Amino acid sequence: QVQLQESGPGLVKPSQTLSLTCTVSGGSITTNYYYWNWIRQPPGKGLEWMGAISYNGITYYSPSLKSRTSISRDTSKNQFTLQLISVTPEDTAVYYCASRTNWYDPFGSWGQGTQVTVSS
């Protein structure tokens with residue numbers, strides 16, 4: 001089973017860009033037919049799927065976040081990244097990366113999560 005680990009700054013100022021990286025071990029991000037996801041959980045709220053990048057580099061985004069979200073990958077480092085622009089305090093959350101073996105499966109592997117706070 002793959003292992004995932006999020007990394008990035010824990011504090012971001014309003015209007016700036018939030019950037020997180022997920023490093024994958026125990027498997028390649030190009031393995032058929034995996035999807036690599038970003039999910040967040042604001043304080044006191046449920047999980048929110050933000051988007052994903054597929055094993056072949058196709059990206060998918062939540063309609064509510066599509067205008068501010070970009071997901072990319074670096075296959076040489078076996079990493080995928082999240083960028084969220086124009087952040088506000090409402091973007092404060094624990095951010096998780098997670099994998100699933102195809103689009104319809106549940107998320108099988110999760111990172112431990114990283115707290116990101118948006119504050120001046």
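This is a predicted model: local features need pLDDT of at least 70, side-chain atom pairs count only at pLDDT 80 or more; totals for chains, interfaces and linings use all residues.

Student: Why is Q41 called partly exposed?
Tutor: Its relative accessible area is 29%. Buried means under 20%, exposed means over 50%, and partly exposed lies in between (1.4 Å probe, protein chains only). The value 29% falls in between, so Q41 is partly exposed.

Student: What makes the pair of Q41 and K45 a polar contact?
Tutor: The Q41 side chain reaches the backbone oxygen of K45 at 2.9 Å. A polar contact is a pair of N or O atoms within 3.5 Å; within protein, one must be able to donate a hydrogen and the other to accept it, and residues adjacent in sequence count only if both atoms are side-chain atoms. The distance of 2.9 Å is within that limit, so the pair qualifies.

Student: Which polar contacts does the side chain of N78 make?
Tutor: One goes to the backbone oxygen of V24, at 3.0 Å. Another goes to the backbone nitrogen of I29, at 2.9 Å. N78 is in the loop between strand 7 and strand 8.

Student: Is N78 buried or exposed?
Tutor: N78 is buried, because its relative accessible area is 14%. Not counting residues up to four places away in sequence, N78 touches C22, T23, V24, G27, S28 and I29.

Student: Why is the pair of E48 and R40 called a salt bridge?
Tutor: The rule asks for a side-chain nitrogen of Lys or Arg within 4 Å of a carboxyl oxygen of Asp or Glu. E48 and R40 meet at 2.7 Å, N to O, so they pass. E48 is partly exposed at 23%, while R40 is buried at 6%.

Student: How many salt bridges are there, and what else does R40 pair with?
Tutor: The count is three. R40 also forms a salt bridge with D91, with the closest N and O atoms 2.8 Å apart. R40 lies in strand 4 and D91 in the loop between strand 8 (79-84) and strand 9 (93-100), so this pair ties together parts 51 residues apart in sequence. D91 is buried, with a value of 2%.

Student: What makes R40, E48, R68 and D91 one network?
Tutor: R68 and D91 also form a salt bridge, at 2.9 Å, N to O. Salt bridges that share partners join the four residues.

Student: How many aromatic pairs are there, and why is the pair of Y35 and Y55 one of them?
Tutor: There are eleven. Rings of Phe, Tyr and Trp (its six-membered ring) pair if their centres lie within 6.5 Å. Planes under 30 degrees apart are stacked, over 60 edge-to-face, and the rest tilted. The centres of Y35 and Y55 are 6.2 Å apart and the planes stand at 90 degrees, so the pair is edge-to-face. Y35 is buried at 12%, and Y55 is buried at 17%.

Student: How do you know that the charged end of R100 sits over the ring of W103?
Tutor: CZ of Arg, or NZ of Lys, must be within 6 Å of the ring centre and within 35 degrees of the ring normal. R100 is 4.7 Å from the ring centre of W103, and the pair counts as a charge over a ring.

Student: What makes a nonpolar core, and how many residues are in the largest?
Tutor: It is a set of buried Ala, Val, Leu, Ile, Met, Phe, Trp, Tyr and Cys residues joined through side-chain atoms within 4.5 Å. The largest has 25 residues; L18, W36, W38, F80 and Y95 have the most contacts inside it. Strand 3 gives the largest share, four residues.

Methods
Residues are numbered from 1 along each chain as its sequence is written. Side-chain values use heavy atoms; hydrogens and water are left out. Helices (H or I, at least four residues) and strands (E, at least two) are DSSP runs, numbered from the N terminus. Contact means heavy atoms within 4.5 Å.
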